[in-house]
Amino acid sequence: MAPTIDLRATRDLPTPEPDSPLRPRKPYRFSTLCATVENPAQKDQYGSSSVPIYQTATFKGVGGQYDYTRSGNPTRSHLEHHLAKISSAKHAFTVSSGMAALDVILRLLKPGDEVIAGDDLYGGTNRLLTFIKTHVGVTVHHVDTTNAANVLPYIHPTKTAMVLLESPTNPLIKIVDLATIAQDVKEKAPGAIVVADNTMMSPYLQRPLEHGCDIVYDSATKYLSGHHDLMAGVITCNRDDIAKNLAFTINSVGNALAPIDSFLLLRGVKTLAIRMDRMQSTAGVVATYLHNLGFKVNYPGLPNHPNREIHERLSDGNGAVLSFETGNKELSERIVGSTRLWGISVSFGCVNSLISMPCVMSHASIDPAVRKERGLPEDLIRLCVGIEDASDLLDDLEHALYDAGAISFNAAQHKFVRTPLPDSDEGLSQAIDGLAVDEDHETEWFVSSPGKVILFGEHAVVHGVTAIAASVDLRCYGLCSPRHDGKVSVHLHDIDNFAGAWDIESLPWEHATPVAAGETHPEALNYKLIEALYNGPLKSLAADRYRHAKSASVAFLYIYMTLAGRRRPSFNFSARATLPVGAGLGSSASFSTCAATALLLLHRRISVPPPPAPSSQETGHVHVSHGGRRAIPADIAVEVNGWAFVAEKILHGNPSGVDNAVAVFGGALAYTRGGFGRPAGMVPIQGFKSLRFLLTNSRVPRDTKKLVAGVGELKEREPEMVGKVLKAIQHIVDEAHRALVDAELPREDLLHALSAWINENHAYLVSLGVSHPTLENIRAKTANAPYGLSTKLTGAGGGGCAVTLVPDEFSAENLAALVQELVDANFEPYSTSIGGSGLGILSPYAHHRNFHESSHIDGVVTPPETPGPELSTPPGSEKAAADDKPLPPLRSAFERTSLTDLSEWVDGLGRWLFV
Ligand code: PLP
């Protein structure tokens, strides 16, 4: 590698200290030269620190240094002096663009001359060469200059007038031995001029005049300016005769750089070195990342880059432009279209990173046949690295590759891997559509989400009072397993015990409105799609028998289709719940959360964060996770919450979002609709302590809407009485909220107070007319000796569930006896706790390695082979468990495990990550 910056040869700039035998004059290094604009021959009359803009066309007087800005301007003179200094040049000229620079240079040619040029030149250069070929009568030979010997046969001692080179080339980053070619040309055609386009490197990284070139030009629009806020071209040379001719053309044509652009360019050049350092360091990281994924990457910093040793000899760095091939043009287009930070733009050298496809952008002016002939792949992606944070750029690129289907996550290897490309384009689009095997798709995603109870404030919440809701440790579980037959299927064990499968292609895609990654679903549902699903795939389902399953399947397919891009994976989603369904415990929000999470994972909209590396402390990042809690980042939770809410809306029309929030975030929250002197909103109850509860399903179905309407009517009839009740409930809620977050309140006192408020709140609910004899029966049983517990209805009342607070000291025997009593009375009691974790995802990083189709997972024995519940098989649906083919490993165990063993089995599967 060439010397580093510190050792770099320096150019002439007098130091403040003169030479002396004792202290030899120390030349400045490049970045100092860049930042120090000093021209001893042109002192500013006021000592301005920054060169002023001489925004004038003319200068007064006769015989002065300047008369007319086309011929010369002080701002431009300063700039040109500065550029000559940093380019190892005697002369520098600045013109209106890089192409203007080449135009000035090409005007050195005359009819009959021959030009030898590279075959991988910038598109605009090709265009101009073609023009002079046809209009000026100059012959142009395009040669593969990556091998200096290729040039030799074309060098004619008298006819060859110019050799035009670029190194590295753009966009294939081919390395050309400028020094050897310049030497060969000098020997065989001494009159020929060797010209180098140095735009890709800038004078900081390469100074071709030092390697024998006669003229160097740069598109200063790129690195020299660095901000994409001006167009400029720079021409440098050492030969006076050439300089004279160039100056003549510029003055004659009038394309010299304007004063204001000269000022801007001078300002940009000052930071050239520091920008380039940052850009090329990140470019190295990006190139290595893509190379390690197995893409064909063109970057001189990579060990196998052709002619790398030549580049090291000629230059001081690898630059910040790289390109890579994906193997497929459409795939490349999707990648380019999926980035956010990398702006889609032609050009390079800006502080902002850019991505482009040269064949459809910067090099589109080259005939496709010629592009092919010159080996310019149509799928080539060019990356021009800016000064943004390297990690952000990598993240963005990784997301784009992932979204486009170029890479997938390999759970076994704990990393992203390149998605294998089928040989043909047709095969590729199949893989992208999810019909062929893709490694990531083989993952079985297992998710779970809690139900909720309303502790205080139900019904009153409709009238603006605050309600306290908490997660309950009875959960809904969802498992997404791959299929390979172009079908999507659901098996909803606890929702009408329904199993159904549909051909993906037969779904009403024409009505789907995809929502792109990063976008949120519009507020209004796509009713056309909902209708099309009811009247299409789900039409044959009997409304009475499968009412709930029908709407759950519609919600599920709606989200599947709305999230799907071109990739439409084939899979099965099985859901089971330890949470009683339809008992007012938020089971539909819990189902919606599981479905949304599984679909977001399946569609790669969210990804599970890998376990923190053992060395993560070195990064300074502290990762807090208690038994998996807080292992799922908040942004994923928010994304899930949004999509679960869409599913909830399909199921319920106008949900409050409370059930959803609890199902995703867990813990407890206070919710106010607004209108009772309180602002609307949801507030998490920080530090909520987990409490033991007995939940008892009365098994009496209720009509929530009717109950809510009943309270409304009562309020109209007896506003004063209801008003008082509402006030009293708000008071209970406020007291309870305060007590729940009071870290100093002894737990015993808290439980005591909660018991009293439970009884009080229930009494108010009775006065609102929403209790039910069965609920009173449950209350009586739990309150009786020897239990003495407090119970209230939860949710809408009129049946549904009752909640009983179980104090810490309540004995296990008593609890067992009470449970038995409730069972005997034909109720369904659940001993559980509230305030636990929200959404959970089984980490894909551990269990896959150990999971075999046998009954052993990490030594945990899967439940006995009890047959699953008898499936109903409606027309058009399938009997999932009775499939001939073996089911994926987790799915078969999940569907067979008994409900009583389910949560224990699930916990033993591996590491669960929670919000
Ligand atoms: N040379 C190279 C290598 C380029 O990439 C470009 C522009 O993209 C040019 C020359 C032309 O420069 P300009 O656009 O400033 O005219």
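**Note on a predicted protein model**

1. N497 is found in the loop that runs between strand β17 (487-492) and strand β18 (498-503). The model discussed here is a predicted one. Most residues other than glycine have a negative phi. Is N497 buried or exposed? N497 counts as buried because its relative accessibility is 16%, and buried means under 20%.

2. The phi of S88 is near 60 degrees, which is a positive value in a residue other than glycine. The place of S88 is in the loop between α2 (74-86) and β1 (91-95). S88 has a relative accessibility of 19% and therefore counts as buried, the cut-off being under 20%.

3. The protein chain as a whole gives the setting for these details. There are 28 helices and 29 strands in the protein chain. The chain has 915 residues, of which 56% count as buried. Where contacts join residues with a separation of 6 or more, 74% of them are between residues 24 or more positions apart.

4. Most peptide bonds are trans. The bond from S167 to P168, however, is cis, with omega near -10 degrees. The bond from N170 to P171 is also cis, and its omega is near 15 degrees. Where does P168 lie? P168 is placed in the loop between β4 (160-166) and α6 (178-188), and P171 likewise lies in the loop between β4 and α6.

5. D197 is connected with this part of the chain. D197 belongs to strand β5 (residues 193-197). At 10% relative accessibility, D197 counts as buried. Which residues does D197 contact, once its neighbours within four places in sequence are left aside? They are T125, L165, E166, S167 and Y217. Among them is S167, the residue from which the cis bond to P168 runs. E166 is another of these contacts; D197 and E166 are 31 residues apart in sequence, while their C-alpha atoms are 5.0 Å apart in space.

6. The next point concerns the pair of helices α18 and α19. Helix α18 covers residues 587-602 and helix α19 covers residues 634-652. Their axes come within 8 Å and cross at roughly 130 degrees. Why are α18 and α19 described as oblique to each other? An angle over 145 degrees would count as roughly antiparallel and one of 65 to 115 degrees as roughly perpendicular, so that the rest, apart from angles under 35 degrees, count as oblique; α18 and α19 are therefore oblique. The crossing of α18 and α19 is right-handed.

7. The residues at this crossing can be listed by helix. From α18, the contact includes S588, A589, F591, S592, T593, A596, T597 and L600. These meet E639, V640, W643, A644, A647, E648, L651 and H652 in α19. By class, the residues of the contact of α18 with α19 divide into 9 nonpolar, 5 polar and 2 charged.

8. Helix α24 packs with helix α25 (residues 812-824) at an angle of about 155 degrees, and their axes are 10 Å apart. Angles over 145 degrees count as roughly antiparallel, and α24 and α25 are therefore roughly antiparallel to each other. α24 passes α25 in a right-handed crossing. I778, K781 and T782 of α24 make the contact with L818, E821 and L822 of α25. This contact of α24 with α25 has 3 nonpolar, 1 polar and 2 charged residues.

9. T782 is placed in helix α24 (residues 773-783). T782 counts as buried because its relative accessibility is 0%. Apart from its neighbours within four places in sequence, T782 is in contact with Y787, G788, L789, T791, T804 and L818.

10. The last point concerns cysteines. How many disulfides are counted in the model? The count comes to 0 disulfides, where a disulfide is a pair of cysteine sulfur atoms within 2.5 Å. C213 has a relative accessibility of 6% and therefore counts as buried. C359 also counts as buried, because its relative accessibility is 3%.

Technical notes
Residues numbered from 1 in each chain as written. Predicted model: local features only at pLDDT ≥ 70, side-chain atom pairs only at ≥ 80, totals over all residues. Heavy atoms only, no water. Buried < 20%, exposed > 50% of the residue type's maximum accessible area, 1.4 Å probe, protein only. Axes fitted to C-alpha atoms, helices over the stretch in contact; angles between N-to-C directions. Helix = DSSP H or I, 4+ residues; strand = E, 2+ residues; numbered from the N terminus. Left-handed = near helix turned anticlockwise from the far one by under 90°. Contact = heavy atoms within 4.5 Å. Nonpolar A, V, L, I, M, F, W, Y, C, P; charged D, E, K, R; others polar.
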